[in-house]
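Q: Please show me how to read this structure, one feature at a time.

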Amino acid sequence: MANSKSALKRVRQSATRTAKNKSLTTRMKTLRKKAIDAASSGDKDIAKKAFSEFNSAVDKCEKNNIIHTNKAANLKSKTSKRINA
């Protein structure tokens, strides 16, 4: 357990940030699966919309330093390839 007031505050901040980051990464992963599933089922319009939402989620995670810039680029590239295939 934390021994000082500042350490207790850091524990609270860490818990808050972890929860926020977890929700953003989970949303990103879910949108990726949704885009790939839509593409594999043959719905081009739904796949494009889902891919757009996925790109937005990835950019948000990248902007907040949840994932690295290169990781974001790799995710977008790989997902785009799977949708276009």
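A: Begin with the surface: the chain exposes about 6,400 Å², and carbon and sulfur atoms supply 51% of it. Accessible areas come from the Shrake-Rupley method with a 1.4 Å probe, and for residues only the protein chains shown count as cover. This is a predicted model, in which local features need pLDDT of at least 70 and side-chain atom pairs count only at pLDDT 80 or more, while totals for chains, interfaces and linings use all residues. Residues are numbered from 1 along each chain as its sequence is written, and side-chain values use heavy atoms, with hydrogens and water left out.

Q: How many helices and strands does the chain have?
A: Helices (H or I, at least four residues) and strands (E, at least two) are DSSP runs, numbered from the N terminus. Here there are 3 helices and 0 strands, in the order α-α-α along the sequence.

Q: What is the radius of gyration of the chain?
A: The radius of gyration is taken over C-alpha atoms, and the globule rule is 2.2 Å times the number of residues to the power 0.38. The chain has 17 Å, whereas a compact globule of 85 residues would have a value near 12 Å. Its C-alpha trace spans about 55 × 20 × 15 Å along the principal axes.

Q: What span does α1 reach from its first C-alpha to its last?
A: The expected span of a helix is 1.5 Å times one less than its number of residues. With 37 residues, α1 reaches 54 Å, close to the 54 Å expected. Gly42, which follows α1, has a positive phi near 100°.

Q: Which residues of α1 are buried?
A: Buried means under 20% relative accessible area, exposed over 50%, and partly exposed in between (1.4 Å probe, protein chains only). In α1 the buried residues are Leu24, Thr25, Met28, Leu31, Ala35, Ile36 and Ala38. They pack against α2 and α3, where contact means heavy atoms within 4.5 Å. In the chain, buried residues make up 24% of the 85 residues.

Q: Which residues have the most contacts inside the largest nonpolar core?
A: A nonpolar core is a set of buried Ala, Val, Leu, Ile, Met, Phe, Trp, Tyr and Cys residues joined through side-chain atoms within 4.5 Å. The largest one has 16 residues, and those with the most contacts inside it are Met28, Phe54, Val58, Cys61, Ile67, Leu75 and Ile83. The elements giving two or more residues to this core are α1 (5-41), α2 and α3. With 7 residues, α2 gives the most. Leaving out residues up to four places away in sequence, Ile83 touches Ala35, Ala39, Lys44, Ala47 and Phe51.

Q: How many salt bridges does a search of the whole structure find?
A: A salt bridge is a side-chain nitrogen of Lys or Arg within 4 Å of a carboxyl oxygen of Asp or Glu. The search finds 2. One joins the side chains of Lys49 and Glu53 (3.6 Å, N to O); these residues are 4 apart in helix α2, so about one helical turn separates them. Lys49 is exposed at 55% relative accessibility, and Glu53 is partly exposed at 30%. Another joins Asp59 and Lys76, with the closest N and O atoms 2.5 Å apart. This pair links distant parts of the chain, Asp59 in helix α2 and Lys76 in helix α3, 17 residues apart.

Q: Where does Asn65 lie?
A: Asn65 is in the loop between α2 (44-63) and α3 (69-84). Most residues other than glycine have a negative phi. The phi of Asn65 is positive, near 60°, and Asn65 is exposed, with a relative accessible area of 69%.
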